[in-house]
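Welcome, and thanks for opening your viewer. Please load the structure below, and we will walk through it one selection at a time.

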Amino acid sequence: MDVRRRNNVTVTGCADGPVLLLAHGFGCDQNMWRLVTPALAVSHRVVLFDYVGSGRADPSAWDERRYSSLDGYAQDVLEVVEDLDLQEVTFVGHSVSAMVGVLAAAKAPERIHRLAMVAPSPRYIDDEGYRGGFSAEDIDELLESLESNYLGWSAAMAPVIMGNDDRPELGQELTASFCATDPDMARVFARTTFLSDSREDLKAVTVPTLILECRQDVIAPREVGAYVRDAIPTSRLVTLEATGHCPQLSAPQATSSAILDFVGAAS
């Protein structure tokens, strides 16, 4: 299958510029990057795509077994990179895609040279000596609610994830994005996301890495950003004056500026 059609690949910006590959998180698609793309595209070649099971990716390419692991999403990334023959890529991953980027970079270090993690979390469930933000019971209840009534779960959870109660249109947009996702595919992606544990994978990261966190985020609390920073010696942590889990929507200028500062300093 043609990779560009399968993953609804879009390329914009400076044709000869350094490559930024933007990867969305659970329940979202490449449209989530639309407010930061114009600033990034001035000096960079910006590549966007949808994971299979999300957005306008080809649903006929869905394989539940493949996408029951973060490796399946990393394979999507690698196939896009190889199909477009992208070189010296800066991978920008939102939420769970930050960990997808870690896996992709480990498999293709000759192509992916930098990582920018936007609101990352290597593990959502608390563990001994680690605060992910949720108990195991919390995640069990979340997944049970999602699987029994996906649309109802989306309407209730999306505004909480987005934060910014004073800007309800942001929560409404995330709700619409969640609700546009096929429920059966979303259930698989949700389990893959919220039950993942990528802490060991962080130890293998050797490329320059930016960690962007918000000062308040119910999905990825500040302790998580500090953990990721401490786990990756080549990283630096930037705390945005923003709230919620999607700063590319709630604080696009600050998000794009931090990414551009990072790629400028790393080049």
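Start by selecting Gly-163: just after α6, this residue takes a positive phi of about 70°. Before going on, note that this is a predicted model, in which local features need pLDDT of at least 70 and side-chain atom pairs count only at pLDDT 80 or more, while totals for chains, interfaces and linings use all residues. Residues are numbered from 1 along each chain as its sequence is written, and side-chain values use heavy atoms, with hydrogens and water left out.

**Helix α6**

Step back to residues 150-162, which make up α6. Helices (H or I, at least four residues) and strands (E, at least two) are DSSP runs, numbered from the N terminus.

Now click Ala-156, where α6 has a kink of about 30°, shortly before Pro-159. The bend is the angle between axes fitted to the seven residues ending at a residue and the seven starting there.

Which residues of α6 are buried? Select Tyr-150, Trp-153, Ser-154, Ala-158, Ile-161 and Met-162. Buried means under 20% relative accessible area, exposed over 50%, and partly exposed in between (1.4 Å probe, protein chains only). Among the elements covering these buried residues are α5 (136-148), α7 (168-179) and β7 (235-243).

**Around helix α3**

Next, select Glu-79 in helix α3 (residues 70-83). Leaving out residues up to four places away in sequence, Glu-79 touches Val-3, Arg-6 and Arg-66, where contact means heavy atoms within 4.5 Å.

A salt bridge is a side-chain nitrogen of Lys or Arg within 4 Å of a carboxyl oxygen of Asp or Glu. Arg-66 sits in the loop between β3 (45-48) and α3, and Asp-76 in α3. Arg-66 is partly exposed at 25% relative accessibility, whereas Asp-76 is buried at 0%.

Then show Arg-4 and Asp-83, another salt bridge at 2.8 Å, N to O. Arg-4 lies in helix α1 (residues 3-6) and Asp-83 in α3, so the pair ties together parts that are 79 residues apart in sequence.

**Last stop: helix α8**

Finally, select Asp-184 and Arg-187, a salt bridge with closest N and O atoms 2.4 Å apart. Being 3 residues apart in α8, the two are separated by about one helical turn. Asp-184 is exposed at 52%, while Arg-187 is partly exposed at 23%.

How values were computed
The expected span of a helix is 1.5 Å times one less than its number of residues.
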